[in-house]
Amino acid sequence: MTAVQEPRTTASHPLAPTTEAEVTVVREVLAAAGLLEENVRFAFFAPEEPPKSEVLAHPDGADADRSFRAVLLDLGTGRSRDTVVSVTRRELVSCRELEPEREGQPPIIDSEFEFIEDVLNASPDWLAALEKRGLEPASVRAVPLSAGVYDIPGEKGRRLARAFGFRQDHEADHAWAHPVDGLVAYVDLTARTVDRVIDTGVVPVPATSGNFDDPAVQGEHMTSLKPIEITQPEGRSFTVTDGRVRWGKWDLRVGFNEREGLTLHQIAFDERPICYRASVAEMVVPYADPAPVRFWQNYFDCGEYMFARYADSLQLGCDCLGDIHYLDAVVADDLGNPRTISNAICMHEEDHGVLWKHTDIFTGAREVRRQRRLVISFFTPIGNYDYGFYWYLYLDGTIELECKATGIVFTSGTPGEYATEVAPGLGAPFHQHLFSARLDMTVDGTANAVEEVEAVRVPMGEGNAHGNAFARSATRLTRESQAQRDADPGSGRVWHVVNTERTNALGRPVGYVLHPHGQPTLLADPASSIHARATFASKALWVTRYDPAQRYPAGDFVNQNPGGDGLPSWVAADRDLDGQDVVLWHTFGLTHFPRPEDWPVMPVDYTGFVLKPAGFFDRNPALDVPPVESRNCH
């Protein structure tokens with residue numbers, strides 16, 4: 001296809017961090033191909049990673065062929081194109097036009113946020129609804145919210161949003177405290193017109209303050225808290241070189257893209273591979289209020305908004321504490337120009353209590369070791385919420401992901417059956433935060449299998465005369481149709497990823513175990529639109545055969561996708577999973593019944609999962625951790 005004749009662009013590894021020069025080359029190639037007309041914007045930009053086999057076979061230090069995927073949206077026509085560009089060859093590799101009615105739309109972008117209020121304020125129906133409430137249009141903030149897919153006549157194939165209003169009393173006023181309830185507008189983002197205004201009647205706009213940063217709201221600061229200082233006199237224990245991280249026995253690569261945010265690659269311990277790629281590949285926030293103005297509320301923050309493009313530039317001493325190493329992240333803005341998010345990724349070590357300890361009654365031996373973990377994290381705001389993603393690597397081979405939710409709860413003016421009153425007259429609708437972790441496993445290689453392991457009670461009787469016995473049940477999940485599983489905290493259900501070709505010193509398959517938190521999955525009715533579009537969230541675990549094209553559990557184009565894409569379509573092939581290259585998709589999250597204590601800003605809530613070695617090592621792999629020297633005890 002079209003090529004730009006310029007000097008060759010090179011990188012030392014296929015998964016090296018994105019550079020500003022690479023973003024610029026992508027834009028140049030697309031412009032030379034005639035694809036960047038005046039109204040065209042970048043709706044998505046990310047590295048197009050090569051298949052696993054190519055990356056694993058890549059010679060150290062050799063040049064890598066680097067490609068990027070860009071989805072282009074014409075704001076004037078609504079047409080969109082899905083492209084791939086090789087920056088190494090400066091060539092347009094592929095380009096195809098999307099079919100919105102069948103595939104869905106590109107994500108909502110900043111350029112559309114910028115004009116939404118002008119569109120609403122040009123609508124006589126919207127202005128009449130505000131006048132009925134005694135509101136000046138200039139005081140009402142609005143955002144385009146993803147429309148979903150419903151049986152609403154005339155909506156198929158069009159690029160749409162639905163918009164609420166929030167009154168803002170002054171520039172520093174947090175408008176989330178003042179929802180204009182009983183009112184929603186359906187907006188055509190391409191025509192920039194309001195299709196329909198639904199007004200179910202005037203609801204008093206809550207008068208409470210949401211200004212958590214106002215000293216009058218905060219009150220006097222406590223004076224009893226003394227400073228905490230984290231010091232490492234000899235410096236940090238890890239190194240970072242071109243995205244490759246080494247710490248203790250850990251070796252991995254760190255990546256970042258605007259859809260998933262932080263990605264971990266080629267995670268290995270003591271030179272043994274564990275996980276080829278780990279990320280949060282999707283998240284959905286479905287709301288529970290069935291009111292005529294709210295039934296459609298459900299947001300796919302990864303697939304509909306590319307939420308990591310808004311990642312914070314983290315601040316030492318506030319977001320991160322200790323001897324910190326920051327990594328910048330490079331993304332593309334709406335015009336396809338490079339934008340560097342400084343300090344997007346934070347890396348540091350944390351003390352984590354006792355690693356192991358024993359005082360022996362026979363020998364008098366007293367030994368104790370301190371646990372520590374390497375923390376790799378980023379934080380991103382999206383609308384009213386802020387999400388933090390913290391990957392922890394521990395000295396004993398454990399991997400953990402902790403997701404933190406904070407910010408401001410979404411509000412309504414109608415506390416009732418499906419919302420909590422968090423302040424006088426101010427409601428916070430019930431909702432869920434459901435994440436999908438994509439875990440491309442390589443436990444000592446790619447010949448892996450998954451077993452569901454749980455505790456089972458043994459009935460009292462022959463062989464168990466006193467009824468104290470309980471046993472361990474292990475069921476091999478051999479096909480994709482079988483590997484769609486719910487969590488069961490009551491039985492201690494976990495999932496073992498084992499290597500079918502390698503055993504430990506005891507003759508057992510080496511393995512790693514996924515420990516779920518076991519909280520509720522998607523609570524919407526199975527016949528609902530959101531269930532069809534977020535089917536991935538209906539199960540705690542899916543297992544698929546590795547396919548480099550299968551990256552996002554709700555499909556590539558989530559915005560206004562009618563449903564059925566992603567995991568439900570892939571597992572219809574019912575591929576063999578026994579001794580294969582497998583990918584785990586783990587749904588985890590929070591079911592949030594907001595509390596008054598969540599207002600006006602929500603204390604962090606936590607969710608996540610843990611991956612622990614189980615027979616991967618022949619003994620405790622942290623025996624060689626040195627004791628803390630007495631001079632460092634303080």
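1. Lys-539 has a relative accessibility of 24% and therefore counts as partly exposed, and Asp-486, at 36% relative accessibility, is likewise classed as partly exposed. In this predicted model, the side chains of Asp-486 and Lys-539 meet in a salt bridge, with an N to O distance of 3.6 Å. Asp-486 belongs to the loop between S25 and S26, while Lys-539 sits in the loop between helix H7 (529–533) and strand S28 (541–545), so the pair ties together parts that are 53 residues apart in sequence.

2. Salt bridges that share partners also join Arg-69, Asp-82, Arg-96, Glu-99, Arg-102, Glu-103 and Asp-556 into one network. The structure as a whole holds 48 salt bridges.

3. Arg-309 and Glu-258 form a further salt bridge, in which the closest N and O atoms are 3.0 Å apart. Because Arg-309 lies in the loop between strand S14 (298–299) and strand S15 (325–332), and Glu-258 in the loop between strand S11 (250–257) and strand S12 (261–269), the pair ties together parts that are 51 residues apart in sequence. Arg-309 counts as buried, its relative accessibility being 4%, and Glu-258 counts as buried at 1%.

4. A salt bridge also brings together the side chains of Arg-493 and Glu-454, at 2.9 Å from N to O. This pair links distant parts of the chain, given that Arg-493 is in the loop between strand S25 (484–485) and strand S26 (494–503) and Glu-454 is in strand S23 (residues 448–457), 39 residues apart. Both Arg-493 and Glu-454 are buried.

Definitions and conventions: Residues are numbered from 1 along each chain as its sequence is written. This is a predicted model: local features need pLDDT of at least 70, side-chain atom pairs count only at pLDDT 80 or more; totals for chains, interfaces and linings use all residues. Side-chain values use heavy atoms; hydrogens and water are left out. A salt bridge is a side-chain nitrogen of Lys or Arg within 4 Å of a carboxyl oxygen of Asp or Glu. Helices (H or I, at least four residues) and strands (E, at least two) are DSSP runs, numbered from the N terminus. Buried means under 20% relative accessible area, exposed over 50%, partly exposed in between (1.4 Å probe, protein chains only).
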